[in-house]
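Thanks for coming. I will take a few minutes to walk through one model, pockets to begin with and then the rest.

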Amino acid sequence: MSAGSPIGRLDWTARRVAVEWADGARADFASIWLRDNRREDRDPHSGQRLIDVVDLPAHPRIRSARLVDGALLVDWEDGAAATRYDSDWLRRHSSAAGAAEEIARKPWLEGAALDPGRDLAWLDFETLRGGGMPRAAWLARLWQDGLAFLRGVPTTDEGILQAMASVGRIAETNYGAVFDVRSVPRPENLAYSDLGLGLHTDNPYREPVPGFQALHALVTSPDGGESVFADGLALALHLRELAPEDFDRLARTPVPFHYRSADVDLRARRPIIQLACDGAVAAVHYNNRSIAPVPLAADEAERFYAAYRRFGGLLREARYRVTWRLRDGDLVVFDNQRVLHGRTAFSSARHPRHLRGCYLTRDSVQSAAACARRAATEGRRT
Ligand SMILES: [Fe+2]
């Protein structure tokens with residue numbers, strides 16, 4: 001039985017089937033698409049397709065298409081077994097549905113209007129580790145908002161890894177599985193100083209760019225060292241409204257990013273605003289500390305810098321920023337390909353400050369969120 005709107009009407013020819021649902025939605029399906037998506041051609045256990053596209057007839061012809069118990073039943077002229085397509089399945093996979101995300105990202109532009117303690121997701125460490133619906137809901141919010149918090153994470157060296165075992169897979173770097181953010185003399189990276197840091201995404205010079213980042217507050221300072229975040233996805237969409245040419249310039253200009261230290265030399269080229277093939281904003285890469293000279297002729301450089309400055313100017317506007325003081329045992333996780341982060345300056349001489357961080361692969365967090373939701377929906381604990 002169909003859970004959604006039933007199919008109200010069918011029209012068909014030998015090469016396509018047009019479907020109209022009772023609520024007025026319409027889609028049409030090519031015969032080769034229908035033939036390629038026969039359930040019978042998938043392994044019943046794994047669900048993986050057993051045939052390749054060249055195994056299909058180039059132009060499979062439909063002998064008849066009709067509704068049987070609310071589903072589409074297609075008979076084929078070449079004698080292949082009749083195929084049944086459920087109404088909801090067709091609707092979900094139609095061109096009208098598009099490639100919807102499993103859990104949609106929800107941009108938040110005016111960060112200053114948010115109260116992070118109330119408007120963003122928080123979960124206790126022990127509750128996260130308990131799994132089930134609370135973990136599923138928190139992971140979904142992490143994916144939707146690109147930013148979520150934990151509290152009560154043990155302030156030990158291993159605390160962050162214990163917590164992240166319930167969130168995603170660690171992406172090691174030259175720093176190892178974790179890195180420590182605290183002031184050191186003559187730092188190789190300005191993150192390891194007392195300086196305030198402007199909004200940025202981490203490590204655009206890596207391939208791939210770290211997906212999610214976690215920062216665990218082991219020792220916090222009562223004055224300075226506040227965490228600042230802004231939603232790069234919302235800001236990129238805002239720039240597209242304000243100044244479409246600048247948006248295009250940032251999406252089309254490959255920017256070299258470079259980081260070197262005693263033991264690494266990391267380089268990658270990517271645009272500041274990265275688009276998916278359908279034009280959606282896929283990622284934002286903004287890091288003033290590691291952008292290398294962009295090889296542009298003078299005219300192009302002037303246009304690029306106008307766009308870059310406009311976007312950078314948006315990042316300086318207080319209304320787009322959410323600020324929060326982490327307390328000992330708090331942990332923040334954010335989508336490093338979307339949410340920019342920074343901090344206010346602090347004085348390590350007066351108050352030491354120590355955060356421990358790590359990166360998570362982006363696909364593992366997305367997968368954890370999807371699996372947790374599926375398991376919670378099915379009433380299982382993960
Ligand atoms: Fe950073």
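Some terms before the numbers. On a 1 Å grid over the protein atoms alone, a pocket is an open set of points with protein on both sides within 12 Å along at least five of seven lines, while a cavity is a set of points where a 1.4 Å probe fits but cannot get out. A residue counts as lining if it has an atom within 4 Å of a point. Points are joined across faces, edges and corners, and the volume is the space filled by probe spheres set on them.

What you see is a predicted model, in which local features need pLDDT of at least 70 and side-chain atom pairs count only at pLDDT 80 or more, while totals for chains, interfaces and linings use all residues. Residues are numbered from 1 along each chain as its sequence is written, and side-chain values use heavy atoms, with hydrogens and water left out.

Now the largest pocket. Its volume is about 420 Å³. It is lined by 28 residues, and the closest to its centre are Ala-191, Leu-197, His-200, Asp-202 and Arg-289. Helices (H or I, at least four residues) and strands (E, at least two) are DSSP runs, numbered from the N terminus. Strands E9 (179-181), E10, E11, E12 (227-231), E19 (339-343) and E20 (354-360) each supply at least two lining residues. E19 gives the most, with 3 residues. By class, the lining divides into 14 nonpolar, 9 polar and 5 charged residues. Here Ala, Val, Leu, Ile, Met, Phe, Trp, Tyr, Cys and Pro are nonpolar, Asp, Glu, Lys and Arg are charged, and the others, Gly among them, are polar.

The second largest pocket has a volume of about 310 Å³. Of its 18 lining residues, Gly-198, Leu-199, Tyr-286, Asn-288 and Arg-316 lie nearest the centre. E10 and H9 are the elements that give two or more residues to this lining. Which of them has the largest share? That is H9, with 7 residues. The classes here are 8 nonpolar, 6 polar and 4 charged.

H9 also packs against another helix. H8 (residues 244-252) and H9 (residues 298-316) meet at an angle of about 105°, with axes 9 Å apart. Axes are lines fitted to C-alpha atoms over the stretch in contact, and angles run from 0 to 180 degrees between N-to-C directions. The two helices are therefore roughly perpendicular, a term for angles of 65 to 115 degrees, with under 35 being roughly parallel, over 145 roughly antiparallel and the rest oblique. In contact terms (heavy atoms within 4.5 Å), Asp-246, Arg-249 and Leu-250 of H8 meet residues of H9 including Phe-304, Tyr-308 and Phe-311. This contact has 6 nonpolar, no polar and 5 charged residues.

Two backbone details. Most residues other than glycine have a negative phi, and most peptide bonds are trans. Asp-69 has a positive phi, near 50°, and sits in the loop between E4 (62-68) and E5 (71-76). Glu-207 and Pro-208 are joined by a cis peptide bond, with omega about -5°. Pro-208 is in the loop between E10 (197-200) and E11 (212-219).

Last, the domains, with bounds from an automatic or database domain assignment. Domain 1 covers 7-92 and domain 2 covers 111-377. Their C-alpha centres are 44 Å apart.
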